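Hi everyone, thanks for making time.

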Amino acid sequence: SNLFIGWGQLLLEESIFLKAKANNVPRCFYLVNPSYKGKECLSLSQSEFVITDSAATKAFYMDERSKGVYVLPKCIEKPVISVDPLDRYKFQRLTLVNPSLKKGLAPFIEIANYFEKEKPSLQLHIVDSRNGLSKHLEKLGEDLSSLPRNVIIDNGNPNIDSLLGKTSILLLLSLWHESGSRLIHESHLRGIPVIGYRVGGNAQLMREFGQQDLFDLPKIDDSYYCNNGWKAWSK
């Protein structure tokens, strides 16, 4: 091999990193997960260089890795299906993809509760492609039956044109330092506005399209994203 690229902390992956080092094979770590911050990560420490997908994540890890970190743009496929923006507006659908506590499930429920009373025709769409919604609802003391009636749920579609086909606005409600969601570019390429918080790489990528769809969030430590983080947000 001329190069070994890794992006995780599995024991098998770490052993391959060490074997590659012993055989003088160049090693690269793909760093897009904020969970390594302040922790030991053999794969990261043993890599000769690092690539990431946002300047925000490069800065986030500056204390752990100040040299040999390169920011590369995301590879995004162009839309195959074109939907007129006026038609998207008529759908009146707000979409949240792969909801979790870190990705703002609690604010989403609050938004759904508000619109159920103020604008019941508006659909709040959850794409649960990782099948984790029930688990995260349980941590909030909720379940599927307690969700507002304007919430619709599906398992998603690997085809991004189909997944976002009837979306009017994408909600990107991450409470933590997400490295930079590709959904930002995939939505904007389709003329879909994105509303989200000014956090991590998401804020950096969204600034490329203006400031109007970014909202400030009280600073929340990554390990503090659940109950206390939600209380801070709601204030």
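This is a predicted model: local features need pLDDT of at least 70, side-chain atom pairs count only at pLDDT 80 or more; totals for chains, interfaces and linings use all residues.

Residues are numbered from 1 along each chain as its sequence is written, and side-chain values use heavy atoms, with hydrogens and water left out.

Back to that bridge. Strand β3, residues 49-52, runs parallel to β4 and is joined to β4 by three bridges. Strands here are DSSP runs of E with at least two residues, helices are runs of H or I with at least four, and both are numbered from the N terminus. Two strands pair if DSSP finds at least two bridges between them.

So how does the sheet look? It is open and has four strands in the order β1-β2-β3-β4, with parallel pairing. β1 (4-6) and β4 (69-71) are the edge strands, each pairing on one side only. From one strand to the next, the twist averages 25°. Across β1 and β2 (27-30) lies helix α1, residues 11-22, running at about 155° to β1. For angles, axes are lines fitted to C-alpha atoms, for helices over the stretch in contact, and values run from 0 to 180 degrees between N-to-C directions.

N24 is not a glycine, yet its phi is positive, about 60°. N24 is exposed, at 69% relative accessibility; exposed means over 50% relative accessible area, buried under 20%, and partly exposed in between, using a 1.4 Å probe and protein chains only. Q92, also not a glycine, has a positive phi near 50°. Q92 sits in the loop between α4 (85-91) and β5 and is partly exposed at 23%.

**Into the cores**

What is in the largest nonpolar core? It has 19 residues, and F108, L124, L137, V151, L171 and L173 have the most contacts inside it. At least two residues each come from β5 (93-97), α5 (105-118), β6 (123-127) and α6 (133-139). The largest share, five residues, is from α5. By nonpolar core I mean a set of buried Ala, Val, Leu, Ile, Met, Phe, Trp, Tyr and Cys residues joined through side-chain atoms within 4.5 Å.

Take L171: beyond its neighbours within four places in sequence, L171 is in contact with L94, T95, L96, F108, L124 and I195. Contact means heavy atoms within 4.5 Å. Apart from that core lies another, of 13 residues, with V97, L164, L170 and M206 among them.

G165 is in the loop between α7 (160-163) and β8 (169-172). Setting aside neighbours within four places, G165 is in contact with V83, R88 and F91. G165 and F91 are 74 residues apart along the chain, with their C-alpha atoms separated by 9.6 Å.

**The whole chain**

How many helices and strands are there in the protein chain? Ten helices and ten strands. Of its 235 residues, 44% count as buried. Among contacts between residues at least 6 apart in sequence, 60% join residues at least 24 apart.
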